[in-house]
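Look over the sequence and the structure first, then read on.

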Amino acid sequence: MKTVLVIAYLLSGQVIDTETLDAANMDECKITKQRALAEKTPVTTRYGSNVKISAECRQFPAVPVRPS
């Protein structure tokens, strides 16, 4: 399984951008998510400080890479 953290940037409740970060496993993803959403973590993004963030850990089946 491939584990990723999906971060959504919201402005006025609308998603304006998303970012996907690879994670080693679901536990590491949850720790990173907690840090990203920590109440005292300053959130200043390329969109300014009025942007809220949302984060979600997801798992997908690993896709085998075929040699060329």
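A residue counts as exposed when its relative accessible area is over 50%, as buried when that area is under 20%, and as partly exposed in between. Keep these cut-offs in mind. The model shown is predicted.

**Salt bridges**

The structure holds 2 salt bridges. One of them joins the side chains of Lys 2 and Asp 22, with 3.4 Å from N to O. This pair links distant parts of the chain. Lys 2 sits in strand 1, which covers residues 2-11. Asp 22 sits in strand 2, which covers residues 14-23.

Is Asp 22 buried or exposed? Asp 22 has a relative accessibility of 61%, so it counts as exposed.

Another salt bridge is formed by the side chains of Arg 58 and Glu 56, with 3.2 Å from N to O. Arg 58 is partly exposed at 36%. Glu 56 is partly exposed too, with a relative accessible area of 40%.

The table lists the residues of these bridges.

| Residue | Relative accessibility | Class |
|---|---|---|
| Asp 22 | 61% | exposed |
| Arg 58 | 36% | partly exposed |
| Glu 56 | 40% | partly exposed |

**The disulfide**

How many disulfides does the structure hold? It holds 1. The bond joins Cys 29 to Cys 57, and the S to S distance is 2.2 Å. The angle about the S-S bond is -110°, and the link of Cys 29 and Cys 57 is left-handed. Here, too, distant parts of the chain are linked. Cys 29 lies in helix 1, while Cys 57 lies in strand 3. They are 28 residues apart.

Why does Cys 57 count as buried? Its relative accessibility is 16%, and buried means under 20%, so Cys 57 falls in that class. Cys 29 has 0% relative accessibility, so Cys 29 counts as buried as well.

**A nonpolar patch**

Which residues make a nonpolar surface patch of about 240 Å²? They are Leu 11, Ile 16 and Tyr 47. Tyr 47 is found in the loop between helix 1 (26-36) and strand 3 (52-60). Its relative accessible area is 35%, so Tyr 47 is partly exposed.

Technical notes: Residues numbered from 1 in each chain as written. Predicted model: local features only at pLDDT ≥ 70, side-chain atom pairs only at ≥ 80, totals over all residues. Heavy atoms only, no water. Patch = residues over 30% accessible without salt bridge, like charges linked within 9 Å, V, L, I, M, F, W, Y side chains within 5 Å. Areas by Shrake-Rupley, 256 points an atom, 1.4 Å probe, with all protein chains shown as cover. Salt bridge = Lys/Arg side-chain N within 4 Å of Asp/Glu carboxyl O. Helix = DSSP H or I, 4+ residues; strand = E, 2+ residues; numbered from the N terminus. Buried < 20%, exposed > 50% of the residue type's maximum accessible area, 1.4 Å probe, protein only. Disulfide = S-S within 2.5 Å.
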